[in-house]
Amino acid sequence: MPSFDLTGHQMVALSRPSLAALRTALIRDAGPAAAAYLQEAGYAGGETLFASFRHWLGTRGLPEPEDLGLEEFEQHASAYFRDAGWGSLRVGSLRDAVATLDSADWGEADPDAGLDHPGCHLSTAIFADFFGPIADPQIAVLEVECRSMGDPRCRFLLGNHAVMSSVYEQMGGGTGYEEAVENV
């Protein structure tokens with residue numbers, strides 16, 4: 001099992017039950033504002049996480065993130081998140097309009113939470129900052145499936161703000177995310 005130097009990466013370990021308890025307490029005490037608090041924390045750490053990824057690549061003799069081809073970037077980003085304890089990621093696309101990140105074991109999700117809406121708010125912000133330097137600094141991320149809601153996977157959509165705003169608005173009107181993406 002590969003080791004991960006948390007101190008050298010400006011990170012700390014946090015158990016999955018601790019993260020789930022934090023989210024549960026925020027939702028209980030702050031209601032809908034909990035999502036904004038968790039996203040704020042995710043944005044605060046996204047740049048450091050990307051710097052950690054850069055360092056992680058360097059310790060393995062791999063190129064800078066910006067110098068990796070798309071498939072290489074996807075492979076190494078997935079390995080990095082797995083090594084960091086977040087879980088596995090599979091990168092794909094939907095209708096060539098948005099990128100998808102899928103995980104059947106994502107660390108922020110809590111299958112026992114019974115949430116009504118996707119709950120990986122910290123991750124959505126982290127992903128925006130993590131993938132932004134490679135894709136587009138104005139990337140937006142939306143979680144559309146979540147293990148915390150009983151789904152078999154967490155699925156995040158990544159795209160530019162205009163596309164993601166359209167998807168979000170359509171979903172707010174009752175359209176499923178796949179149809180909303182098809183309509184953009």
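Let's start with phenylalanine 81. Buried or exposed? Its relative accessibility is 0%, so phenylalanine 81 counts as buried. Keep in mind that this is a predicted model.

Now look at tyrosine 80. Tyrosine 80 is buried too, with a relative accessible area of 0%. How do the rings of tyrosine 80 and phenylalanine 81 sit? A pair of aromatic rings is described by two things, the distance of the centres and the angle of the planes. Here the centres are 5.5 Å apart and the planes stand at 75°. Anything over 60 degrees counts as edge-to-face, so this pair is edge-to-face.

On to another ring pair. The rings of tryptophan 106 and phenylalanine 156 have centres 6.4 Å apart. Their planes are at 70°, so this pair is edge-to-face. Where are the two residues? Tryptophan 106 is in the loop between strand 2 and helix 4, and phenylalanine 156 is in strand 4. They are 50 residues apart in sequence, so the pair ties together separate parts of the chain. Tryptophan 106 is buried, at 1% relative accessible area. Phenylalanine 156 is buried as well, at 0%.

How many aromatic pairs does the structure hold? There are 20. Ring pairs also link a set of residues into a cluster, including Phe50, Trp56, Phe73, Tyr80, Phe81, Trp106 and Phe156.

Six of its seven residues are buried, so strand 4 is largely enclosed by the rest of the structure. What are its neighbours? Strand 2 is joined to strand 4 by five bridges, and the two run antiparallel. Strand 3 is joined to strand 4 by six bridges, again antiparallel. Find arginine 155 in strand 4. Its bridge partner aspartate 102 is in strand 2. Glutamate 145 also stands opposite arginine 155.

Next, salt bridges. How many are there? The count comes to ten.

First, arginine 54 and glutamate 66. Their side chains meet in a salt bridge, at 2.7 Å from N to O. Arginine 54 lies in helix 2, residues 33-59, while glutamate 66 lies in the loop between helix 2 and helix 3. The pair therefore ties together parts that are twelve residues apart in sequence. Arginine 54 is partly exposed, with a relative accessible area of 27%. Glutamate 66 is partly exposed at 41%.

Next, glutamate 182 and arginine 95. This salt bridge spans 3.0 Å, N to O. Glutamate 182 is in helix 6, and arginine 95 is in the loop between strand 1 and strand 2. The pair links distant parts of the chain, 87 residues apart. Arginine 95 is partly exposed, at 45% relative accessibility.

Then arginine 153 and aspartate 102. The closest N and O atoms of this salt bridge are 3.4 Å apart. Arginine 153 is in the loop between strand 3 and strand 4, and aspartate 102 is in strand 2, so the pair ties together parts that are 51 residues apart in sequence. Arginine 153 is partly exposed at 23%. Aspartate 102 is buried at 6%. Which residues join this network? Salt bridges that share partners connect Arg90, Asp102, Glu145, Arg153 and Arg155.

Last topic, pockets. Rolling a probe the size of a water molecule over the atoms shows where empty space is left. The largest pocket has a volume of about 990 Å³. Its lining has 33 residues, and Pro118, His121, Leu142, Glu143 and Tyr168 lie nearest its centre. Helix 2, helix 4, strand 3 and helix 5 each give two or more residues to that lining. By class, the lining of the largest pocket has 19 nonpolar, twelve polar and two charged residues.

The second largest pocket has a volume of about 660 Å³. It is lined by 28 residues, with Val12, Leu14, Trp86, Leu122 and Ile126 nearest its centre. Which element gives the most to this lining? Helix 2 does, with eight residues. The classes here are 17 nonpolar, eight polar and three charged.

That's my tour. Questions, please.

Conventions:
Residues numbered from 1 in each chain as written. Predicted model: local features only at pLDDT ≥ 70, side-chain atom pairs only at ≥ 80, totals over all residues. Heavy atoms only, no water. Salt bridge = Lys/Arg side-chain N within 4 Å of Asp/Glu carboxyl O. Helix = DSSP H or I, 4+ residues; strand = E, 2+ residues; numbered from the N terminus. Buried < 20%, exposed > 50% of the residue type's maximum accessible area, 1.4 Å probe, protein only. 1 Å grid on protein atoms, 1.4 Å probe; cavity = no way out; pocket = protein on both sides within 12 Å on 5 of 7 lines; lining within 4 Å. Points joined across faces, edges and corners; volume = space filled by probe spheres on them. Nonpolar A, V, L, I, M, F, W, Y, C, P; charged D, E, K, R; others polar. Pairing = 2+ DSSP bridges. Phe/Tyr/Trp six-rings, centres within 6.5 Å; stacked < 30°, edge-to-face > 60°.
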